[in-house]
Structure formats: structure tokens, C-alpha cells
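Hi,

Here is the structure for you to look through.

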Amino acid sequence: MIEQRLTVGLVVERRDLSGPWGGFTWRPVAIFPTPPDAEPWTSLGIFGQAQRYYAGAYDIMLYSTDTANYRDNLEATDAKLWVVLRAEGHEPPIEVVTVTADPAEGEANTEAGSNVVETVAMPADVAGVIAQFIADNHVERPTYKRQRDRKHPAGNGGQRRDPNKTGRDEGQS
């Protein structure tokens, strides 16, 4: 399997929640194709009702076995990157779990229940690198369909089951 690492910069925002329970929420809002020369968790200012931060540089891992998923993503109307965030109890109060171009990996991270999984627009420079990775490494893989077992659908080798019998021997209670 061939791997390639693509490093990007991530911008997240913290938005205060209005309501009886208050609190706040985090979400990714942008990707820099090249990480800026700034410290992680540098404040970028207030934008409307949200405070934005440069969260830091993160790697997008590309794998030759996932090129079909990357291709489908790039062929969509607007290609996306999936960012997975998880609440933490220390500062900063979120952890960036992953940034990925694979829609299946992004969806798989929703199963944890405690993760925030959001998409952000994929910058053209990032899309270009991924397109080149696909061109260099994609191998069309055949789809194998499982053959249906032609035996009786009850799975008992073609013997019909008597609905009046419980399945136990006559002498047992």
C-alpha cells in the first residue's frame, strides 16, 4: 500500500450557544492548503457571533487502497474534507481527531456519538494534490458478488421442517 501525507492548516470557531443551558460549540470552518507560520490555537478574531482560531497543522493521510473514495469525492459538485473534533476537559477544550478526504472515514467517525464530524470546502490546491495521487496510484478493483446458496432457504439441506414439532426428541421433556 502506498501512503502520502498532505499537511494542511485548520481553522475552527467557537460559538456561544444561546438558550437556557448556555455553553458553546466548536466547528471547523476552513482549511489552509499550506499551514501558516503561526502557533496552534492562535486567535484569528471575532467573526459575527463566533471566535475563530487557527487550530494548527494537521496531516491528511492518503492511501492507495482508498483512491476510489477520493475520486468520488473530487467528482462531487463541491469536494469536501471531513474534520473530526472531540470534546476534551483541558485547554484547548477540543481535540482534532482527524482531517480526511475519504467520505467513508468521515462517516465512520460519526459512530462514536461524542465526535463532532463536519465538512469544510476542499481548497483547489489540496484537490490538485489528491487528484495527482489518484492518477499515480489508482487501480480499478473488481467487485465480487457473493453467490447465493441454492439450498433450501431454511438452511436445513432441503428438508422441510414440520411446524408441529418443537425440534426436541420425543422422549425429552
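Rings of Phe, Tyr and Trp (its six-membered ring) pair if their centres lie within 6.5 Å; planes under 30 degrees apart count as stacked, over 60 as edge-to-face and the rest as tilted. By that rule, the structure holds six aromatic pairs. In one, Trp41 and Tyr53, the ring centres are 6.3 Å apart and the planes meet at 55°, so this pair is tilted. The pair links distant parts of the chain, 12 residues apart. Trp41 is in the loop between strands S2 (24–32) and S3 (42–47), and Tyr53 is in strand S4 (residues 50–63). Strands (E, at least two residues) and helices (H or I, at least four) are DSSP runs, numbered from the N terminus. Phe24, Trp26, Trp41 and Tyr53 form one aromatic cluster.

This is a predicted model: local features need pLDDT of at least 70, side-chain atom pairs count only at pLDDT 80 or more, and totals for chains, interfaces and linings use all residues. Residues are numbered from 1 along each chain as its sequence is written, and side-chain values use heavy atoms, leaving out hydrogens and water.

Two charges sit over rings (NZ of Lys or CZ of Arg within 6 Å of the ring centre and within 35 degrees of the ring normal). The charged end of Arg14 is over Phe24, 3.8 Å from the ring centre. Arg52 lies over the face of Phe47, at 4.7 Å from the ring centre.

Trp41 is partly exposed, at 23% relative accessible area (buried is under 20%, exposed over 50%, partly exposed in between; 1.4 Å probe, protein chains only).

Best wishes
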